Amino acid sequence: WVAADPTGHYLFAGVKDTALGLARVDGPMPTDVFKPEFRIDVLLCYDIRGAAPRRLSYNPAPGVNCRNVVISPDGRQVAYVGGGWSPGFKYAVRTFEADNVAKDIVHYADGAPRGELSFHPMVDLVAIPNGDNVWIYGRKTGKKLSDRLPSDLALKSVSHAMFTPAGNPLL
């Protein structure tokens, strides 16, 4: 999975299943060789402002079974949407600092498998759909905000949710 931040400064790559084989070239650049020492997925950050991309940072254990890499609208937060993560946060979506993906910011966790993730364009909210639910979290706190959706909302088989560019409504 590859995503660029809104400023055009950074390129992020979430690379899945790096532990297949003895050593592989797994990143977008030929110099990105990782030995599979218990690493399943990696998250890479490249500075793309110069003549050639330059790797700034990488995270050797952002989660497992990468499903997406999502950048916050301000470009400061990178979400690694995976099929799981441990210790302690089974199936959490982890977020990292954009210029140092080895540094955690916050986790959005509740123990259920994940679909996608959508950052609100103006307010510090995150929407994460999963089956018959869409969970809303405080972007900076990771706290689940149960009062943000109507309690009588009937959903079924929800795999994607996104905020409109103006931020309202949630689609």
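At 35% relative accessibility, Asp 74 counts as partly exposed (between the limits for buried, under 20% relative accessible area, and exposed, over 50%, with a 1.4 Å probe and protein chains only). Its partner in a salt bridge is Arg 139, with the closest N and O atoms 2.8 Å apart; a salt bridge is defined as a side-chain nitrogen of Lys or Arg within 4 Å of a carboxyl oxygen of Asp or Glu. Asp 74 lies in the loop between strand 7 (68–71) and strand 8 (77–81), and Arg 139 in the segment after strand 13 (133–138), so the pair ties together parts that are 65 residues apart in sequence. Strands (E, at least two residues) are DSSP runs numbered from the N terminus.

The model is predicted, with local features requiring pLDDT of at least 70 and side-chain atom pairs counted only at pLDDT 80 or more, whereas totals for chains, interfaces and linings use all residues. Residues are numbered from 1 along each chain as its sequence is written, and side-chain values use heavy atoms, without hydrogens and water.

Arg 139 is buried, at 8% relative accessibility. Its side chain also meets that of Asp 124 in a salt bridge (3.7 Å, N to O). This pair links distant parts of the chain, 15 residues apart, with Asp 124 in the loop between strand 11 (118–119) and strand 12 (125–130). Through shared partners, salt bridges join Asp 74, Asp 124, Arg 139 and Lys 140 into one network.

Seven salt bridges are found in the whole structure. Among them is the pair Asp 47 and Arg 54 (3.3 Å, N to O). Asp 47 is buried at 9% relative accessibility, while Arg 54 is partly exposed at 49%.

Methods. Helix = DSSP H or I, 4+ residues; strand = E, 2+ residues; numbered from the N terminus.
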